[in-house]
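Let's take a friendly walk through this protein. Have the sequence and the 3D view handy, and we'll go one spot at a time.

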Amino acid sequence: MDYAPLMALSAFLPLAARTALWQVPEDEVWIVERHRRFHRALAAGRRLAVPLLDRVKAKVDLTQQMLLWPSAPREGSVDEPAGDVFTARDGGKVEIRMRILWRITDPVQAAYQPNGPGLAIDDLAAAILRRLIAALPQEAAMTSRSTLDRELTTALTEQAGRWAEIGSVRISEVLAHPVPVRA
């Protein structure tokens, strides 16, 4: 009896098993596509996959995340990053510094956000703040942090509520942005 085909198969089986069994870590969901279309979401644990057909489109983290405004400075940088600048109703400009705590509740919808879930939250916050501050004079915008926190939390929850849960929004500073002086 010829054992060569059996030996070749036995050498190939561990490799096939290793590529067909995926270990999804705790607090993650992997979004799997087949033929470039959503196929399924894999929860934590060992999961079976078809190696040549399935590909992981995204590994979605389900833990609570923090978005900082302005984003943290790059390592080794001595410059303090500038916050986003918004124009108030009276033409004055204010700079906002804040943090947003959020977590993903629907990994499939979050994975298909155009620039990823973190940038989607960032863009939503910027658009909402632009609208809120444009309705206030500069002095009112600088003195109403708690009102801005509350309104921003409500609006973010409405907008991102389909796929993310907003834990809290905390505006740490609202600064008057200097207007350049013309000579």
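Where is the place of Arg97? Arg97 sits in strand β8.

## Before we dig in

This is a predicted model, where local features need pLDDT of at least 70 and side-chain atom pairs count only at pLDDT 80 or more, while totals for chains, interfaces and linings use all residues. Residues are numbered from 1 along each chain as its sequence is written, and side-chain values use heavy atoms, with hydrogens and water left out.

Helices (H or I, at least four residues) and strands (E, at least two) are DSSP runs, numbered from the N terminus.

Arg97 has a relative accessible area of 13%, so it is buried. Here buried means under 20% relative accessible area, exposed means over 50%, and partly exposed is in between (1.4 Å probe, protein chains only). Glu95 is buried too.

A search of the whole structure turns up five salt bridges, each being a side-chain nitrogen of Lys or Arg within 4 Å of a carboxyl oxygen of Asp or Glu. One of them pairs Glu95 with Arg97, with the closest N and O atoms 3.0 Å apart. Another joins the side chains of Arg97 and Glu173, at 3.5 Å from N to O. Arg97 lies in strand β8 and Glu173 in strand β9, so this pair ties together parts 76 residues apart in sequence. Glu173 counts as partly exposed because its relative accessibility is 35%.

Glu165 belongs to strand β9 and Arg103 to strand β8, so the pair ties together parts 62 residues apart in sequence. Glu165 is partly exposed at 38% relative accessible area, and Arg103 is partly exposed at 31%. As for shared partners, salt bridges join Glu95, Arg97 and Glu173 into one network.

## Helix α3

Now for a helix. The 18 residues of α3 (residues 117–134) should span 26 Å at 1.5 Å a residue, and its end C-alpha atoms are 26 Å apart, which agrees. The expected span is 1.5 Å times one less than the number of residues.

Which residues of α3 are buried? Among them are Ala120, Ile121, Asp122 and Leu129. The buried residues of α3 pack against several elements, including β8 (93–104), α5 (145–160) and β9 (164–176); contact here means heavy atoms within 4.5 Å.
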